[in-house]
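User: I am new to this structure and would like a short tour. Could we begin with the sheet?

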Amino acid sequence: MGSANGLVNVQSNQPLFSFGVITDVQYADIPDGRSFLGVPRYYRHSLLVLQRAVKKWNHRRPNFIMNFGDIIDGFCPKEQSLNAVKKLVMEFDNFNGPVYHMIGNHCLYNLPREKLLPLLRIHSHNDHAYYDFSPIPEYRFVILDGYDISAIGWPKDHPKTLKALKFLNEKNPNSDKNSPNGLVDQERRFLMFNGAVGKEQLEWLENVLSDATRLNQKVVVCCHLPLDPNASSREALLWNYDEVMEVLHRYSCVKVCLAGHDHKGGHSVDSHGIHHRVFEAALECPPGTDAFGCVDVFDDRLSLSGTDRMKSTEMIFCR
């Protein structure tokens, strides 16, 4: 009797599937530098972090990989941008399975959407970068485009660019729109290196969540930009994270939100029981250290096994 029960327990503890995670590689073939806050950045070493991650993933064999954006850095010499993105995509493609990419601000500093999205194999309409997929019938992953409304990435005269600039002028009085000086608490997110989810994308999100509810699927929401102030610095938040969360909170199928962008990482559980995990940046790994992970997915939780700077995290569903 004991052996039989033990076998059942072992079987129930097997993950339904797993996936690899990495964010903010921000590779550039330039000397090491520092962020505006003085945090060291290792532009060439981040490529080695990615290479070690792919080697580890191929050994562990997760079902797919998710890159949470900022594949190369804004300081990458612009004449090298195209080849640098191609080089990093080739490194990801050394993984023996599917790779899903997101766009971040540093990607868009280097290439416009019309060139970037095909390289990342993000197939969407009108150069939008939001999409969804179901690795198994019980789960759906929803990838948001956090730079849908943005002052970067779109043509200068594009309606989305003009809307973003008007919004920034209303919200941020500084001449440097990447400066949070004088902005208080959550107002500090109104910076040019962030962006927003537009109305059309919000409607799409609502439809996807409604469909997931109908199919009894659990949903994992992914975005380069964080969606919860308690998991992130204020300066890294999506401009309209509150509007997005208002939608997500209406659907109990949403269990976890995953993000990058805020390099130090973070974890919180919000008032509706949704886990928010912001991943630590590969860019800020000193030589010989790493920041990547593998997430095991169960019926009742996500379990992140992190490497070095990426902290392991157990995300047991609260709703």
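**The sheet and its neighbours**

Analyst: In this predicted model, six strands form an open sheet in the order E6-E7-E8-E9-E11-E10, and their pairing is mixed.

User: Which strands are at the edges?

Analyst: Strand E6 (131-136) and strand E10 (266-269) are the edge strands, each pairing on one side only. From one strand to the next, the twist averages 15°.

User: How do E8 and E9 run, and how many bridges join them?

Analyst: Strand E8 (residues 218-223) and strand E9 (residues 254-259) run parallel and are joined by five bridges.

User: Which strands does helix H7 touch?

Analyst: Helix H7 (residues 199-214) packs on the sheet and touches E6, strand E7 (139-143), E8 and E9. The direction of H7 makes about 175° with that of E7.

User: Changing topic, at what angle do H2 and H3 pack?

Analyst: The angle between helix H2 (residues 45-60) and helix H3 (residues 81-92) is about 25°, and their axes are 9 Å apart. H2 is therefore roughly parallel to H3.

User: Which residues meet there?

Analyst: Leu47, Leu50, Gln51 and Val54 in H2 meet Lys87, Leu88, Glu91 and Phe92 in H3. By class, this contact has five nonpolar, one polar and two charged residues.

User: Lastly, is His106 buried or exposed?

Analyst: His106, in helix H4 (residues 105-110), is buried, because its relative accessible area is 11%, under the 20% cut-off.

User: What lies 2.8 Å from a polar atom of its side chain?

Analyst: The backbone nitrogen of Gly74 lies 2.8 Å from a polar atom of the His106 side chain. Beyond four places away in sequence, His106 touches Gln26, Asp70, Ile72, Asp73 and Gly74.

Terms used
Residues are numbered from 1 along each chain as its sequence is written. This is a predicted model: local features need pLDDT of at least 70, side-chain atom pairs count only at pLDDT 80 or more; totals for chains, interfaces and linings use all residues. Side-chain values use heavy atoms; hydrogens and water are left out. Helices (H or I, at least four residues) and strands (E, at least two) are DSSP runs, numbered from the N terminus. Buried means under 20% relative accessible area, exposed over 50%, partly exposed in between (1.4 Å probe, protein chains only). A polar contact is a pair of N or O atoms within 3.5 Å; within protein, one must be able to donate a hydrogen and the other to accept it, and residues adjacent in sequence count only if both atoms are side-chain atoms. Contact means heavy atoms within 4.5 Å. Axes are lines fitted to C-alpha atoms, for helices over the stretch in contact, and angles run from 0 to 180 degrees between N-to-C directions. Angles under 35 degrees count as roughly parallel, over 145 as roughly antiparallel, 65 to 115 as roughly perpendicular and the rest as oblique. Ala, Val, Leu, Ile, Met, Phe, Trp, Tyr, Cys and Pro count as nonpolar, Asp, Glu, Lys and Arg as charged, and the others, Gly among them, as polar. Two strands pair if DSSP finds at least two bridges between them.
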